Amino acid sequence: MSLQGKVALVTGASRGIGRAIAESLGREGAIVIGTATSDSGAAAIAGYLQEAGLQGTGLALDVNDAAAVDAALDQIEKAHGPVAVLVNNAGITRDQLLMRMKEDDWDAVMDTNLRSVYRLSKAVLRGMMKARWGRIISIASVVGASGSAGQTNYAAAKAGMMGFTKSLAREVGSRNITVNCVAPGFIDTDMTAVLAEDYKQKLLAQIPLERLGRPEEIADAVTFLASDKAAYVTGNTLHVNGGMFMN
Amino acid sequence: MENIEQRVKKIVAEQLGVNEADIKIDSSFVEDLGADSLDTVELVMALEEEFECEIPDEEAEKITNVQQAVDYVKAHLGK
Ligand SMILES: NC(=O)c1ccc[n+]([C@@H]2O[C@H](COP(=O)([O-])OP(=O)(O)OC[C@H]3O[C@@H](n4cnc5c(N)ncnc54)[C@H](OP(=O)(O)O)[C@@H]3O)[C@@H](O)[C@H]2O)c1
């Protein structure tokens with residue numbers, strides 16, 4: 001197992017892609033700290049990890065609360081040691097045509113999807129620099145590269161992640177810390193369950209592999225980037241989208 | 001117990017991978033000892049740990065040579 005004993009922090013691990021990532025990293029031997037916004041969500045994370053015989057626990061954390069992020073990192077370090085793998089997965093959508101978009105919609109998406117990446121990455125870097133090993137992996141989106149009507153806020157945040165990733169990769173490469181993104185396409189989770197059926201059919205028609213992706217398929221890409229097999233990959237975005245968008 | 005100057009020099013030597021004998025009290029981390037900007041951030045982290053203090057970013061930016069580090073530590077130690 002390639003991540004034996006390493007502490008992995010996965011934000012938004014209560015369901016969907018984050019849960020699949022937490023389970024996959026756990027199977028590689030990592031001690032997984034998964035976060036949710038509620039105590040019940042955190043308890044559920046602890047529950048599924050334990051049930052699968054994986055190491056780690058759940059933690060309630062709102063990534064928009066700076067003080068809570070600092071406190072959580074302190075708590076993790078005291079209980080398990082410094083974070084070696086950070087997966088910035090927590091994310092939301094507030095879709096709306098720009099002409100109708102409220103500042104609240106813009107701010108909420110920017111804060112949860114992008115500001116959180118700044119905040120969490122900064123908080124884990126000290127430990128990674130000392131360890132001379134670290135992995136920061138952010139879950140972007142195909143729309144950050146391709147664009148998507150109704151998602152100016154979301155696409156801007158996801159493209160922002162990619163620029164952040166390239167810059168940080170340059171800053172900390174000399175310390176053996178790699179920084180990458182995984183950009184999912186159209187994945188079967190709560191986030192996409194709300195989409196209208198005819199819109200889904202239209203999206204499917206653009207996917208050469210003719211199906212939605214599974215959360216596990218995103219988790220596999222994240223687990224690869226976290227492993228030593230990806231030691232020479234940094235500053236990159238790995239697109240996992242069934243061919244929906246080709247770079 | 002070693003004095004503060006010696007402890008600071010020891011940390012600088014470790015962090016920047018230079019010989020302790022080559023470090024003078026007025027050695028600049030960047031110009032004389034070959035540190036890059038990330039090295040200086042790490043150096044401040046190491047000083048914080050050695051002297052169990054927290055050096056705010058505004059103060060950290062002003063510490064560019066050995067003397068300034070020693071002065072900072074002396075002024076803030078045991079407060
Ligand atoms: N599904 C897709 O097709 C798709 C495509 C491209 C990219 N993505 C990206 O993949 C990531 C995961 O998506 P998903 O489909 O798995 O989403 P999801 O099923 O809606 O789950 C979102 C997760 O984020 C957490 N979260 C939301 N706001 C948070 C906050 N303020 N602080 C901390 N955690 C917060 C949620 O916690 P609670 O359970 O406590 O609410 C939940 O665990 C997101 O970044 C998303 O943008 C998804």
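**Entry 1: cavities**

I'm working on a predicted model here. I searched the whole structure for cavities of 30 Å³ or more, and the search came back with one. About 40 Å³ of space lies in the largest cavity. I wrote down its lining: T11(A), V63(A), N88(A), N89(A), A90(A), T112(A), N113(A), S116(A), V117(A), L120(A) and M161(A). Which helix gives the most to this lining? I checked, and it is helix 4 of chain A, with five residues. Sorting the lining by class, I got five nonpolar, six polar and no charged residues.

**Entry 2: chain A**

I went through the helices and strands next. Chain A has nine helices and seven strands. Its radius of gyration is 17 Å, close to the 18 Å that the globule rule gives for 247 residues, so chain A is as compact as a globular protein of that length. I also looked up the box that its C-alpha atoms fill along the principal axes: roughly 50 × 40 × 35 Å.

Then I opened the UniProt record. For chain A, an unreviewed entry lists "domain: Ketoreductase" at residues 6–189. I looked at that stretch in the model: 52% of it is helix and 19% is strand.

**Entry 3: the "binding site" residues**

Under "binding site", UniProt (unreviewed entry) lists G12(A), A13(A), S14(A), R15(A), T37(A), N89(A), Y154(A), A155(A), A156(A), A157(A), K158(A) and I187(A). They are spread over 176 residues of sequence, and they are spread in space too, up to 24.8 Å between C-alpha atoms. Which of this set turns up in the lining of the largest cavity? I found N89(A) there. I also tracked down S14(A), which is in the loop between strand 1 (7–10) and helix 1 of chain A.

**Entry 4: chain B**

Chain B has four helices and zero strands. Along the sequence I read the pattern as α-α-α-α. Its radius of gyration is 11 Å, close to the 12 Å from the globule rule for 79 residues, so chain B is as compact as a globular protein of that length. The C-alpha atoms fill a box of roughly 30 × 30 × 20 Å along the principal axes.

UniProt has a note on this chain as well: "domain: Carrier", from an unreviewed entry, covers residues 2–77 of chain B. I worked through that span and got 55% helix and 0% strand. Its end C-alpha atoms lie 15 Å apart.

**Entry 5: the largest pocket**

On to the pockets. The largest pocket has a volume of about 1,700 Å³. I counted 42 residues in its lining, and those nearest its centre are K122(A), R126(A), M45(B), E48(B) and D57(B). Which helices supply at least two residues each? From chain A I noted helix 3 (66–80), helix 4 (103–131) and helix 6 (152–172), and from chain B helix 2 (37–50) and helix 3 (57–60). Helix 4 of chain A provides the largest share, 11 residues. By class, the lining has 24 nonpolar, four polar and 14 charged residues.

**Entry 6: the second largest pocket**

The second largest pocket comes to about 1,200 Å³. It is lined by 49 residues, and the closest to its centre are G91(A), I92(A), T93(A), Y154(A) and M191(A). I spotted Y154(A) in the UniProt "binding site" list too. Elements of chain A that each supply at least two lining residues are helix 1 (16–27), strand 2 (31–36), helix 5 (142–146), helix 6, helix 7 (190–193) and helix 8 (197–204). How does this lining divide by class? I got 22 nonpolar, 21 polar and six charged residues.

**Entry 7: rings**

I looked for aromatic pairs over all chains and found zero. I did find charges sitting over rings, though. The charged end of K6(A) sits over the ring of W133(A), 4.1 Å from its centre. Likewise, the charged end of R19(A) sits over the ring of Y48(A), 4.2 Å from the ring's centre.

How values were computed: Residues numbered from 1 in each chain as written. Chains lettered and ligands numbered in written order. Predicted model: local features only at pLDDT ≥ 70, side-chain atom pairs only at ≥ 80, totals over all residues. Heavy atoms only, no water. 1 Å grid on protein atoms, 1.4 Å probe; cavity = no way out; pocket = protein on both sides within 12 Å on 5 of 7 lines; lining within 4 Å. Points joined across faces, edges and corners; volume = space filled by probe spheres on them. Nonpolar A, V, L, I, M, F, W, Y, C, P; charged D, E, K, R; others polar. UniProt positions renumbered as here; feature names shortened; annotations may be inferred. Phe/Tyr/Trp six-rings, centres within 6.5 Å; stacked < 30°, edge-to-face > 60°. Lys NZ or Arg CZ within 6 Å of the ring centre and 35° of its normal. Rg over C-alpha atoms; globule rule 2.2 N^0.38 Å.
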